Amino acid sequence: MVTSNVSYTKKMMAHFANPHNMGRLDNPDGVGKAGNPVCGDVMHLHIKVKNNKITDIKFQTLGCASAIATSSMVTDLAKGKTIDEALRITNARVASELGGLPPIKMHCSVLAEQALHSAIEDYRKRHPHSPAKPAAKKGSAKPKEKK
Amino acid sequence: MRKIYMDYAATTPVRKEVLKAMMPYFMTEFGNASSLHSIGQSAAEAVEFARSTVASAIGANPEEIIFTSGGTEADNLAIRGIAKANRDMGDHIITSAIEHPAVRNTCADLAKEGFKITFLSVDKDGLIDPVQVRKAITTKTVLITIMHANNEIGTVQPTREIGRIAKENGVLFHTDAVQTFGKLPIDVDGLNVDMLTMSAHKIGGPKGVGALYVRKGTQLKAMQTGGPHEGNRRAGTENVAGIVGFAKAAELSVKEMGSESARLSKLRDRLIKGVLSGVKEAQLNGHPTKRLPNNANFSFLGAEGEAIILKLDALGIEASTGSACSSHDLAPSHVLLALGHSPLEAHGSLRITLGKETAPKDVECVIRVIPKVIKELRAISPDIKEMKNVKWADYKDDHDHDHMHGEEED
Ligand SMILES: Cc1ncc(COP(=O)(O)O)c(C=O)c1O
Ligand code: FES
């Protein structure tokens, strides 16, 4: 049976054991979904936006311990941020806030970043009069087109 | 916190009696079994005694046993040894889609050298259909290698039937019996096998030692060059202490097999019943009855295997999973996929394997804890009803590895 050979930081394990901002929102302003059909990993992110600021955010994740911990961290980081600031949260930032992730688990943090981007995209689609997109961010993942 | 080890299919602790039997061969009886002086001869005697013990455990003759560094080497020796010795007779090997990597990757490697490999599919319970084996045989077939029982899902194959078909067609038959040796009765003639793989560390013996049974008269090419050890078939100074420990573990397992397998099957069935009744949207993987006495394997929708393992571990319970998230290549277990599972189903797999130290109270504890752990993880997960028919088109896909690695440095 395939086995993992990964070691996790205390901080990561703490977020896994007691994730923050778990669940969903009633009447969200944006819903983001990221996932990987090959692994079976799934992440949903709900955001509430007021005056261009993320006032509330919740996640639901079906994935490994890193996926759960990065979901929790990305919601912590995005809460209270403006849309532009939230878009600058990279997966690398999420991982480093957790004290780092094993290389093989970095993609779980990508999932978190993509779910956030997808939620913001969805928010913008629903609210076409919100402020225009910011300039391209440095060093961060460009959200890929939906397949 | 009391630890409950439930990963006996991965490995087992060395038994006291085994360690005791091994001890003299490290310092007092440290001889090289090839040496002519007395201490060497005493090592040689110990190895030969061990050889007869292992042989008699499977109804073989001592000279048909080759000691190796474990199950992996024995599988390699059997498959490569036959393929290379019979290259001019044919280039076709039949195996199954659910073999252990020791067999699977060895076959895949031979495919690169020009061998043609047939990977037979299994049914939803993990069973091979012997009729399919017969149909797959061609004039070029030199070997059939199909495991006795699967290490992940515990399904026991109709090995005797497959062996009969191999025999009728004059094709050599190898079976990896690492998970059955010492647990189910094995008789090499009854099973119609020409080669059979065993490993010590799954039955209370030490790691790094095992054996390959090779029927007398079978042409096998040695895989490593060196001295004339093991009848010119496996060069290298024998791991005397390991071999002695292996034989002791084999002797004890065979002696206790009847009572132990009855005891474990009962615990296994209690575990399966308890978990399936305690958790909704749970299924048993593998065959309901044709399975190893110590194996239970479940899939839970809406929970991921690595997360389950870590939650259980935090509660002192040690088990394993076939989830993609726990593998190095982020692919779900090939065994679960071969059963027809979607990656999402394979995602929530949990393997619990019992052994010598497993007590009824351990099983009861696991039955109590699993529903809690699954509930916790499901509370984090999107709704299971929605997960049952995920529309992947709505999702961003994180499989962008270039990007992933680019981000790793900072
Ligand atoms: C079915 C099967 N074959 C082969 C092996 C490899 O045996 P070893 O660990 O002795 O190399 C194992 C155990 O990991 C196994 O379960
Ligand atoms: S979600 Fe699958 S590896 Fe993290």
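Which residue forms a salt bridge with B:Glu73?

The partner is B:Arg234, and the closest N and O atoms of the two are 2.7 Å apart. In a salt bridge, a side-chain nitrogen of Lys or Arg lies within 4 Å of a carboxyl oxygen of Asp or Glu. The pair links distant parts of the chain, 161 residues apart: B:Glu73 sits in helix H4 (residues 71-85), B:Arg234 in the loop between helices H8 (229-232) and H9 (240-278). Helices (H or I, at least four residues) and strands (E, at least two) are DSSP runs, numbered from the N terminus.

Both B:Glu73 and B:Arg234 are buried. Buried means under 20% relative accessible area, exposed over 50%, and partly exposed in between (1.4 Å probe, protein chains only).

## About the model

This is a predicted model, where local features need pLDDT of at least 70, side-chain atom pairs count only at pLDDT 80 or more, and totals for chains, interfaces and linings use all residues. Residues are numbered from 1 along each chain as its sequence is written, chains are lettered from A and ligands numbered from 1 in the order in which they are written, and side-chain values use heavy atoms, leaving out hydrogens and water.

## A bridge between chains

Over all chains, the structure holds 30 salt bridges. One of them joins A:Lys33 and B:Glu386, at 3.3 Å from N to O. Here the pair crosses between chains, from strand S1 (residues 30-36) of chain A to helix H14 (residues 384-388) of chain B. B:Glu386 is partly exposed, at 28% relative accessible area.

## A linked group

Salt bridges also form a network that links B:Arg15, B:Glu17, B:Glu256 and B:Lys356.
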